[in-house]
Amino acid sequence: MTTMKHTLTMLVQDKPGLLNRVTSMIRRRNFNIDSIAVGASAVEGFSRMVLVVDGATTAVEQVRKQLDKIIGVVKITDITDSDVVARELALVKVEASPETRSEIIQLTNIFRGNMLDVTPDSIIIEVTGDEDKVNAMIELLKGFGVIEVARTGRVAMTRGVLGPLKKPGQEKPKAKRIKKAASRKEEPPVS
Amino acid sequence: MKLKGAQILCESLIREGVEVIFGFPGGAVLPLYDTLPQYPKLRHILVRHEQGAAHAADGYARATGKAGVCFATSGPGATNLVTGIANAHLDSVPMVAVTGQVARPFIGKDAFQEIDITGITVPITKHNYLVTKADDLAAIVKEAFYLAQTGRPGPVLIDIPKDVFDEQANFTYPTRVDIPGYEPRIEGHPLQIKKAAKLINEAKWPVILTGRGVIISRAYAELKELAEKAQIPVIHTLLGISSFPGSHVLSLGMLGMHGAACANLAIDEADLIIAIGMRFDDRATANVSRFATRAQIIHIDIDPAEIGKNVKTVVPIVGDARTVLSALNKHVEARSRVEWIRRIEELRRLHPSTQIRETDELLPQYVIRQIFEVTEGKATIVTGVGQNQMWAAQYYCYDRPNSFISSGGLGTMGFELPAAIGVKVGRPDETVWMVAGDGGFQMTVQELATMVQENLAVKMAIMNNGYLGMVRQWQQLFYGRRYVATPLLGPDFVKLADAYGIPAVRVVSKTEVIPAIRRAMDTPGPFLIDFRIEPEENVYPMVAPGAAIAEIMEAPPCEQAPLGGK
């Protein structure tokens, strides 16, 4: 086990119950995850999940292999060691009086956040970035009184033209190619 | 061709080669059962409890290698299957379970006999389906059988709402399946195979560990070739019994908690372990952190997730046991390993674990040995779970491939009787002996009626000691002889058998054993023997929980100190 936070990206079939299968596996094998984000992928009929696993408490390779066994999980990759772009979005509702409002607006601007809603007593701020930036923003806002926080968890992808479904020299990935691309025949089995 | 959902299911089952279904009807599957008479090719065997259907399908699948099929209705019918499905899941048994579901408009309304069986069975199936329209049914059945029987086999459940059985749809049976991301690896990686061969060629004290994977892939000949060519002793797990001939000079027997002492000690001394189709279960490894500390491990398994799960592997090979072994054999060089074989023989001589002590008492070990003698080792043995299972594993010599059928991973008491029914259905021409304890037998005893109704000649041996014996053994050894809730009152099993119309005999002394077994064999149809065995007889050798595999109690602790260890 490593102490690192691992990012796993998954391409899954967009079928009822698939998320349940994934979370059920995580729960029953006692895997510890920091976040899970789910949404549509570039390929119709398939969703993308991004999972952050704490390597200090969980055998990441086991997580990858066990999740890979789920029927409907097409491809799962640990992209921790790859060159990746990772972002998280948070909505923060913070107490704001006429006296503190301008200071909060200033802070929001420093973090390149957006103000989504302003009421006489509160502001909702949207902030996007890596976890450290989001954490720092929330930490600063705590001084004003944070009422509510909603975070998406990490979404991530590797840089460059290669994707989980795309290999060098291949055109745009298509659904019918998924099976072929997802096979890992080229790689030696890993322990 | 337009057909009703129920007909589509039956047509699909026939196309998958299904001949037998174990099931129990009910409200939600009425349309299905109403359709069955149109398909005389499908033999339906009515069980007395759905758990029996799942275990019988399991036994049938283990005996034939084909997916076992069971039917149950919605709600309680489906939940009663759960133990049997879990059992099949843990032992990688191909099974397709079909459950009825309430009609689509009622789903999610807590309707009568509605239960979320797909939700319940997510962690205990390889995959499951809720069919939402008859149009999808044929493709789902095709996929289900494909998943159940390929890669690492396992149970697949198909939940079908009542109104889908009645819905009309076009029927064409798909010729192929396309499941994105599901592509079991059959061929081992050539580089890894070469690496493994190199390790084997260089090893001084190698052992082979075999599991049920060898039986599933029928790698018997390839395994034998490897062992004989390279002169490597073969040790098996509980479910690996009969993967390698028990009487073979290289066979060392079973490892683990109740394994042969010589097998456990050989593992402790080995410098290389070639594990094939087994998963280093805790009952097999004992204390895993002190398992085979001198050995490097080559792990061959079709399931990549098993590799590195419990033990560290030097050379992992993901693939089908038979395919990998035949590739591996090409690179493995012949060796004589005189020194190692001599040491193995010495271990075997010093630790004759399966000796039966001389006594007039009725010992269960003696009973099993006599079943072996009378059946000339040609029977298929189906066991319960607990002491009876361990004695059956230790004292019968399994030379015929796949002749030992038992619940390993889940350890399901009550498996024996319905599983024996399934085995006998799958192997009608073979002698099938069920070995049970008086505890487990009472858990599914209702299936005696199924056996009689189907006239299945299962021979039954109950190791009746009036205790839940294995639990009592643990209480004796580790809980200060406090026998809490283990003394067990059973019925008069002979009278019980008589009530079902099954001939039976009670055996209370050693001299009656052989005649009773002979009589069972000579009597057509089922036969039951109630063996009143020594009540406090224990299973030895034993590795205490938490102890290392070499720390073996070969006899009761008061008589002999543990040997081996570091």
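How many bridges join strand β4 (residues 68–72) of chain B to β5(B)? Select both strands and you'll find five bridges, with the two strands running parallel. Helices (H or I, at least four residues) and strands (E, at least two) are DSSP runs, numbered from the N terminus.

Before going further, a word on the model: it is predicted, so to speak, with local features needing pLDDT of at least 70, side-chain atom pairs counting only at pLDDT 80 or more, and totals for chains, interfaces and linings using all residues. Residues are numbered from 1 along each chain as its sequence is written, while chains are lettered from A and ligands numbered from 1 in the order in which they are written.

**Stop one: the sheet in chain B**

Stay on β5(B) and pick B:Thr99, the bridge partner of B:Ala72. Now widen the selection to the open sheet of six strands, ordered β3-β2-β4-β5-β7-β6 (chain B) with parallel pairing; two strands pair if DSSP finds at least two bridges between them. At the edges stand β3 (43–46) and β6 of chain B, each with a single partner strand, so one side of each has no neighbour in the sheet. From one strand to the next, the twist averages 20°.

Next, show helix α4 (residues 76–90) of chain B, which lies across β4, β5 and β7 of chain B at about 165° to β5(B). Axes here are lines fitted to C-alpha atoms, for helices over the stretch in contact, and angles run from 0 to 180 degrees between N-to-C directions. Contact means that the C-beta atoms of two residues, placed from the backbone, lie within 7 Å.

**Stop two: helix α6 in chain B**

Select residues 134–149 of chain B: this is α6, with 16 residues. From first C-alpha to last it reaches 23 Å, close to the 22 Å expected at 1.5 Å a residue (1.5 Å times one less than the number of residues). Centre on B:Ile140, where α6(B) bends by about 25°; that is the angle between axes fitted to the seven residues ending there and the seven starting there.

Colour the buried residues of α6(B), among them B:Leu137, B:Ile140, B:Val141, B:Phe145 and B:Leu147. Buried means 20 or more other C-beta atoms within 10 Å of a residue's own, exposed 12 or fewer, and partly exposed in between, with C-beta atoms placed from the backbone. The buried residues of α6(B) pack against several elements of chain B, including α1 (5–15), β5 (95–101) and β7 (155–161). Just past the helix, B:Gly151 has a positive phi of about 60°.

**Stop three: B:Ile405**

Jump to β16 (residues 404–405) of chain B and pick B:Ile405. It counts as buried because it has 29 C-beta neighbours inside 10 Å.

**Stop four: chain A and the contact**

Over in chain A, select the open sheet of four strands, β2-β3-β1-β4, with antiparallel pairing. Its edge strands are β2 (33–40) and β4 of chain A, and the twist averages 15° from one strand to the next.

Finally, select where the chains meet: 22 residues from chain A and 23 residues from chain B. On the side of chain A, α2(A) gives the largest share, five residues.
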